[in-house]
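Here are a few quick notes to read alongside the model. Have it open and follow the points in order.

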Amino acid sequence: MGLGDKISNKAQEATGKAKEALGDVTNNEKLQAEGVEDQAAAKAKQAGEHVKDAAKDVFGK
């Protein structure tokens, strides 16, 4: 996983957490749901990058 990808994914995850928290505080269900969605997307991207990294380790490419 490239450093840029790691930073981007972590930033998306942090933004999602912030949206979720703000949605909780303001009782805004839509914003809260967007935050959860952003976090899930970031985690899915991170998992995909981990699979790519593992394949590179196994196949040496």
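1. First, a term: buried means under 20% relative accessible area, exposed means over 50%, and partly exposed is in between (1.4 Å probe, protein chains only). By that rule Glu34 is partly exposed, because its relative accessible area is 29%.

2. A word on where this comes from: it's a predicted model, where local features need pLDDT of at least 70, side-chain atom pairs count only at pLDDT 80 or more, and totals for chains, interfaces and linings use all residues. Residues are numbered from 1 along each chain as its sequence is written, and side-chain values use heavy atoms, with hydrogens and water left out.

3. Now the charges. Side chains of opposite charge can pair when their charged atoms come close. A salt bridge here is a side-chain nitrogen of Lys or Arg within 4 Å of a carboxyl oxygen of Asp or Glu, and the whole structure has 5 salt bridges.

4. Look at Lys19 next. Glu34 forms a salt bridge with Lys19, with the closest N and O atoms 3.7 Å apart. That pair links distant parts of the chain, as Glu34 sits in helix 2 (residues 29-59) and Lys19 in helix 1, 15 residues apart. Helices (H or I, at least four residues) are DSSP runs, numbered from the N terminus. Lys19 also meets Asp38 in a salt bridge (3.0 Å, N to O).

How values were computed. Helix = DSSP H or I, 4+ residues; strand = E, 2+ residues; numbered from the N terminus.
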